[in-house]
Amino acid sequence: MKLRPGAFIPELLKHLFKKPATVMYPFEKLNIPKDFRGTPVLKPELCIVCRACVRDCPAFAIEIETLSEEEKKYKMTIHNDRCIHCAQCVESCPTKALFMDDGYELSTDSRRKLKIAYVYSRPKKTAQQSSEK
Amino acid sequence: MAIMKALVYLFVYPGLLFLFVYSTFCEWFDRKLYARLQNRVGPAYTGRAGILQPIADFLKLLFKEDIIPENADRIIFSILPVIGVATVATAGLYLPLWNYDVSRTTFNSFQGDIIVVLYLLCLSTVILFLSGWHSTNFFSTIGGVRVLTMLFGYEVPLFLSVLSPAIVADSWRLAEVANFYQDFPFLLFFQIIGLFVALISLQAKLERTPFDIPHAETEIVGGTFTEFSGKKLAFFRLMTDIEMVVGSGLIATVFMAGFAGGLMGSLARFVLKTLIVIAILSIIRATFSRIRVDQMVVFSWKYLTPLAILQLLVSIIIKGVIK
Amino acid sequence: MKKIKIPIGPQHPALKEPISLRITVEGEVIKDADVRLGYNHRGIEKLAESRTYVQNIYLMERICGICSHSHTTCFVQGVESLCGLEVPKRGLFIRMLVCELERIHSHYLWLGVAAHEAGFDSLFMYTWRDREVVMDLLEIISGNRVHYAINTIGGVRRDLSEVQKEKILEGIQFLKKRMEYYTNLGTTEPSFVARVSGVGILPKEKAMSLCAVGPTLRASGIASDIRKDDPYAAYDEIPFSVCTATSCDVLGRVVVRIKETMESIKIVEYLVKNLPSGEIKVRAPRKVKEGEAVSRYEAPRGENIHYIKSNGTDKPERVKVRAPTLANYPATIEMLKSGFIADIPLIFAAIDPCICCAERFVEVIDTKNENTQVLTMAEIKKRYSKSQGLKKGSSVWPL
């Protein structure tokens, strides 16, 4: 191996007049790729309350409460403060009611603000059936 | 009138105020250039393009908690940063900017002031060693020992290389050396080796990469500065910055024909020439990796000192030819 | 000269994670070294026992932030062998693709870290800038930059499209060009070479007897690579060579990692160009048959071992992880001896330590009657004070 003192100088000087590689983050943002795993979001009209997501979530970030048994009213809480963004819930969901959006700027000043609750009844078909009764 | 002039000289230009402002500007320039060489942005928010960042850092440090280690000598520990700033600022007064007359001796320009500047710059290094030694911390002690070890490496080539232009000019006075080279600028070409040695030695004196051995953060945490915080650290940082300005000013005086041309002209020349020196120092800082302290001593005695002696020989021969 | 003990860590700028290295020095020369672990124990193995296999994939991913894919693959392979699942070819290829991209990313990162420890901040900035390219590729493939979460039991979760393939090939070309430049730079820049060559010598016999793994072992001239020795996934059908160096020092480790990156780039090219068609995963049962499995995997830092014991339910009974860094600690102590203080960060960084991956519980085995005993921290402290003859209330941790 031959030693060359100052082997780095040409590369350094070349970059002196180039645009810096830094992205000035809060002012400019990078593009998010198509299938980025952001935060989980529920489409309440598709949920059949099978609880597959609750069972598979590694961080126990999804909770489903039954508000009223007769009206088939449920409340799903997604704890984004616990979520590890693995998208296993999306995979486990049989009706594709959950999906990941591209939100990544989650920071707030309180954990409570990260909790998102969805109150919904079962899909229309079941709801109609129950009202017919 | 002479007293007013002297006071302005001491406190405004090129005294404390100018040195403070200009040294923070030089720190910004160095940081920005270093960042751009690395394809980064560098300081960006405080002031236009982050130009006020060093001042902001200084002010922030002033308001931070100030801790003195239990076992340390309180008085020496507190007084060292102030003495450090004082010595390098004093060294700055001897740069021939204005308020000097080549024909007569004044308090800031006399035969032998070149030695005084080098001596004061050397004193600041000793202060770094003392501060490391008095911190009573393993890392500081090791840092202090490294400061001294390095001092034995770079001080001799620095002295030899800075003095060799003075030999040709036949004067130990900075103003006269600068004047001599203004009259015979072509003689500077024979001082190229000396300039090279002086730049490398200055880099070592300022403890910047590849010679940032005494405060190598990944090895010995903060080195000599480990126990310093708040105001004291702020003063040490200021000292390093002023040292950079004075050191590059000294090199600009002896190797780049000084700063003639009245008040404004000398200021413009001073800024331009010191910025060139600082830019070279920044490029050196970006190009190399830190070397070990034993490698540094070997390097300076094996390469730098012989080169400096060679420069001395060249200077003596030139002097003979001129006569 | 008087011997003094200096503490490197648990908090030190050279260490990115807490570990305590106690170094005995004489002047600048190291005479002895000692490693203390246990500052970052997270109880992951215990946690794994209370989670289902699917949940555990994501837990295993969080053992390490850099070789996250290594741990999931190792775990998933073990579970697959317990279930007797045959992963489809395409799934295996995508798994290997992410694995090799991860290796490239890890070695780029390491080169930057090594440069930073040597005080070569420009090289650090440049390597980390270029590392963004491979991070972006991984983000395109898996949806995240660090925790790819692409493995699942029985295959992978995401397929590769033609557009993604093109982007990978494009990015790989750039990385190849840059790595060639860094090879050139890292081996010719005198100040950097002076710092790394002849530092942290680990002779071949020592490397063997101290059970070093990964690039640390290969830099001592031993061609050991799990991908070749005990091929998992589909490594037996992929052409690649095991990179070694004979200089046994930190420079050798730099060279091995650089060569490995070039090799990984070739593998990625091969994988993308020869990607078979078909399914990417098979359905996995939730409950795993009773049994034990050991899975080995060549992580960027060396051999990674997972031991899984299942009891027929949907939760494992025991998961044991042996991260590569743990295997390299004895060798590190050997390397540190008779170096300089200035070499500590470089030598320690040269094993590419991932400290919290290697934090496991303490088990004391009595050599006389082979009784095993799990000790609490309080018990360890008590025993330590007793052995050192310390009085009650005096500092247990002298440094």
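Reader: Why is the pairing of Asp343(C) with Arg292(B) called a salt bridge?

Author: In this predicted model, the closest N and O atoms of Asp343(C) and Arg292(B) are 3.3 Å apart. Side chains of opposite charge can pair when their charged atoms come close.

Reader: How many salt bridges does the rule find across the interface of chain C and chain B?

Author: Across that interface the rule finds two salt bridges, and it also finds 12 residue pairs in polar contact, with both residues at pLDDT 80 or more. On the side of chain C that touches chain B, at least two residues each come from strand 1 (3-8), helix 4 (89-117), helix 5 (121-142) and helix 7 (190-196) of chain C. Sorted by class, this side of chain C has 17 nonpolar, five polar and eight charged residues.

Reader: How do you know that chain C and chain B are in contact?

Author: Contact is judged by heavy atoms within 4.5 Å, and by that test 30 residues of chain C are in contact with 25 residues of chain B. The area buried between chain C and chain B is about 2,400 Å², and carbon and sulfur atoms give 57% of it.

Reader: What makes Arg178(C) and Glu11(A) a salt bridge?

Author: The side chains of Arg178(C) and Glu11(A) meet at 3.0 Å, N to O. The cut-off is 4 Å between a nitrogen of Lys or Arg and a carboxyl oxygen of Asp or Glu, and therefore this pair counts as well. Across the interface of chain A and chain C the rule finds four salt bridges, and over all chains the count comes to 49.

Reader: What is buried between chain A and chain C, and which atoms give 50% of it?

Author: The area buried between these two chains is about 2,700 Å², and carbon and sulfur atoms give 50% of that area. Here 27 residues of chain A are in contact with 32 residues of chain C, and 18 residue pairs are in polar contact, both residues being at pLDDT 80 or more. Helix 1 (9-16), helix 2 (52-56) and helix 3 (88-92) of chain A each supply at least two residues of the side that touches chain C, with helix 1 giving the largest share, three residues. This side of chain A divides into 15 nonpolar, four polar and eight charged residues.

Reader: Which residues form the nonpolar patch on the surface of chain B?

Author: Among them are Met1(B), Ile3(B), Leu7(B), Phe11(B), Val21(B) and Phe107(B), and the whole patch has about 1,200 Å² of accessible area. Helix 1 (2-11) and helix 2 (16-37) of chain B are the elements that give two or more residues to the patch; helix 1 gives the most, with six residues. Met1(B) lies in the segment before helix 1.

Reader: What kind of peptide bond joins Thr209(B) and Pro210(B)?

Author: The bond is cis, with omega about 5°, and Pro210(B) is found in the loop between helix 8 (192-205) and helix 9 (217-220) of chain B. Most residues other than glycine have a negative phi, and most peptide bonds are trans. Thr136(B), in the loop between helix 5 (113-134) and helix 6 (138-169) of chain B, has a positive phi, near 50°.

Key: Residues are numbered from 1 along each chain as its sequence is written. Chains are lettered from A and ligands numbered from 1 in the order in which they are written. This is a predicted model: local features need pLDDT of at least 70, side-chain atom pairs count only at pLDDT 80 or more; totals for chains, interfaces and linings use all residues. Side-chain values use heavy atoms; hydrogens and water are left out. Buried area is the accessible area (1.4 Å probe) that two parts lose on being put together, summed over both. A polar contact is a pair of N or O atoms within 3.5 Å; within protein, one must be able to donate a hydrogen and the other to accept it, and residues adjacent in sequence count only if both atoms are side-chain atoms. Helices (H or I, at least four residues) and strands (E, at least two) are DSSP runs, numbered from the N terminus. Ala, Val, Leu, Ile, Met, Phe, Trp, Tyr, Cys and Pro count as nonpolar, Asp, Glu, Lys and Arg as charged, and the others, Gly among them, as polar. Patches are made of residues with over 30% relative accessible area and no salt bridge: like charges are joined within 9 Å, nonpolar side chains (Val, Leu, Ile, Met, Phe, Trp, Tyr) within 5 Å. Accessible areas come from the Shrake-Rupley method with a 1.4 Å probe; for residues, only the protein chains shown count as cover.
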